[in-house]
Amino acid sequence: MQCASARYFLQTYGCQMNENDSEKIAGMLESLGYFEAESPDEADLIILNTCCVRRNAERKVYGRIGQFKRLKERNPDLLIAVCGCMVQQESELSVLRDRYPYVDLVFGTHNLHRLPELLRQVQAGGTRVIEVWESEGEVIEGLPIKHKPGFQAWITVMYGCNNFCSYCIVPYVRGRERSRPRESILEEVRKLVGEGFSEFTLLGQNVNSYGKDLPGDYDFASLMRDVSEIDGVKRLRFTTSHPKDMSERLIDVIAEGENICEHIHLPLQAGSNSVLERMNRRYTREDYLRLIDKIRERIPSCAITTDLIVGFPGETREDFDDTLDMVKRVRFDSAFTFAYSPRVGTPAASMQDQVPKDERMERLYELIEVQNSISKEKNQEMLGQVVEVLIEGPSKTNPTKHQGRTRTNKIVTFDPTEDLAIGSPALVRITEAKTWTLEGELVPDGEAHSDAGAISRHQG
Ligand code: SAH
Ligand code: SF4
Ligand code: F3S
């Protein structure tokens, strides 16, 4: 075993579920006596928790591992570990094995809980340990978790994905859908409320499938309702919903839950029906528009965000125009936009008519421009409104300001005052609206009262 003051440096790539896995890795390491290091140079153990959803994500990881070679030469006792989605692919695992001999430990997404034992093996044996399970085992409960400081916590409610969208690697590296027992989830939220957390985001690749693999008919809508009823939960969010199975009950639960935030992330991916079909998304643009109508009818102020892929194999200019058309019709609050990236082993990677890289990039820039102007217009509609934010602390982009998030998940920056604690609610009047951020000024308590009508839950 490493000495008690050993330090770890953990870097995470990819989605919030990977971030939540990293919180478990940190939890396990700290219960072994490790402390967090500020930088890789100070660490005795470096862990990279990787993503492979697009080639770019993998490139970043290899670049980073390359930088650690020098550290390892300087300090041969340094341990380097690589885990997460990327190593679940046979191709990347062999690259790591063959070309990065100084990586000491490799483990996958299905055996994360084995980290303490695997570390012990590396230290005892003085040799590298590579253990990647091909398929998922039981859902493991009760791992220690080191949540990020603050008041916001992520709770993974289900693992894996059964959808097999034809471009996506996630089902191959994360395995089949597995739901956590509801009691474990509710218990975790209660415990975190006791520790001072008040804003929760329920996570899953496909949250609408929650419960389908458990006995009984308890579903995601019921879970949202039950979590929202726990005392001390000030705000509840969730991600991600697949448009093909977002239920009306879930929309009702969101509309009715006072502390459930008015924000739905609903990945559209493409606007053309033929592309959607080849993506195996199992909805049409008409289905999607009907769903948006239902959401806006029940929750008029709901922010809707999305994911979009351009340059899917066979995507014609007309298909791409359909995506632009959907973006203009729906008017998303914001969108994550991606150029299609072929992933080995997925059906789309071997489809005919791959769109050339420069065309994919041109479409991406065109899409970003259209979406950006919509995002900005949507933000400008908020000028003058008074919205409730929960104080998050110094702004990530401008440290002289503080930031908070609206219920609709928009970041607002404002001049800090000393009396506002992190996590406490504050009212802010929007004074400037940009594409990505809103600026505002805190509204003093007394004034806020007279504005109370304007901050009904449907405005933030
Ligand atoms: N489970 C979520 C998100 C999965 S990954 C969902 O279904 O919405 C996040 C996003 O990455 C996807 O929504 C998709 O837009 C994008 N993505 C996935 N595979 C991709 C690929 N091969 N190329 C480009 N973007 C991809
Ligand atoms: Fe990937 Fe589709 Fe599953 Fe999302 S729903 S993780 S895009 S396969
Ligand atoms: Fe990436 Fe794995 Fe998440 S591939 S997007 S980290 S599930």
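This is a predicted model: local features need pLDDT of at least 70, side-chain atom pairs count only at pLDDT 80 or more; totals for chains, interfaces and linings use all residues.
Local features need pLDDT of at least 70 and side-chain atom pairs count only at pLDDT 80 or more, whereas totals for chains, interfaces and linings use all residues. Residues are numbered from 1 along each chain as its sequence is written, and side-chain values use heavy atoms, with hydrogens and water left out.

**Stop 1: helix α10**

Select residues 285-298, which form helix α10; helices here are DSSP runs of H or I with at least four residues, strands are runs of E with at least two, and both are numbered from the N terminus. The expected span is 1.5 Å times one less than the number of residues.

Next, colour Arg285, Tyr288, Leu291, Ile292 and Ile295, the buried residues of α10. Viewed down the axis of α10, these buried residues fall within an arc of 120 degrees, so they line one face of the helix. The arc is taken from the directions that run from the helix axis to the C-beta atoms. Asp293 and Glu297, on the other side of α10, are exposed. Buried means under 20% relative accessible area, exposed over 50%, and partly exposed in between, with a 1.4 Å probe and protein chains only.

Which elements cover the buried residues of α10? They include α8 (248-256), β12 (263-265), α9 (273-278), β13 (303-310) and α11 (317-330); contact means heavy atoms within 4.5 Å.

**Stop 2: helix α11**

Move to α11, whose 14 residues reach 20 Å from first C-alpha to last, close to the 20 Å expected. Its buried residues are Asp319, Phe320, Thr323, Leu324, Met326, Val327 and Val330. Down the axis of α11 they fall within an arc of 155 degrees, so they too line one face. Glu318 and Arg329 are exposed on the face turned away from the buried side. The cover over the buried residues of α11 includes α9, α10, β13 and α12 (357-380). Just after α11, select arginine 331, which takes a positive phi of about 55 degrees.

**Stop 3: glutamate 23**

Select glutamate 23, placed in helix α1 (residues 16-31). Is this residue buried or exposed? Glutamate 23 counts as buried because its relative accessibility is 6%. Leaving aside residues up to four places away in sequence, glutamate 23 touches Pro144, Ile145, Lys146, His147, Lys148 and Trp154. Tyrosine 159 lies 136 residues from glutamate 23 in sequence and 15 Å from it in space, C-alpha to C-alpha.

**Stop 4: the largest cavity**

The structure holds three cavities of 30 Å³ or more, and the largest has a volume of about 230 Å³. Of its 16 lining residues, Thr109, His110, Ile140, Tyr159 and Arg178 are the closest to the centre. The lining has five nonpolar, six polar and five charged residues.

On a 1 Å grid over the protein atoms alone, a cavity is a set of points where a 1.4 Å probe fits but cannot get out, a pocket is an open set with protein on both sides within 12 Å along at least five of seven lines, and lining residues have an atom within 4 Å of a point. Grid points are joined across faces, edges and corners, and a volume is the space filled by probe spheres set on the points. Ala, Val, Leu, Ile, Met, Phe, Trp, Tyr, Cys and Pro count as nonpolar, Asp, Glu, Lys and Arg as charged, and the others, Gly among them, as polar.

**Stop 5: the second largest pocket**

Finally, select Arg54, Arg55, Asn56, Ala57 and Ser341, which lie nearest the centre of the second largest pocket among its 20 lining residues. This pocket has a volume of about 380 Å³. The largest share of its lining, five residues, comes from α2.

Note on methods: Chains are lettered from A and ligands numbered from 1 in the order in which they are written.
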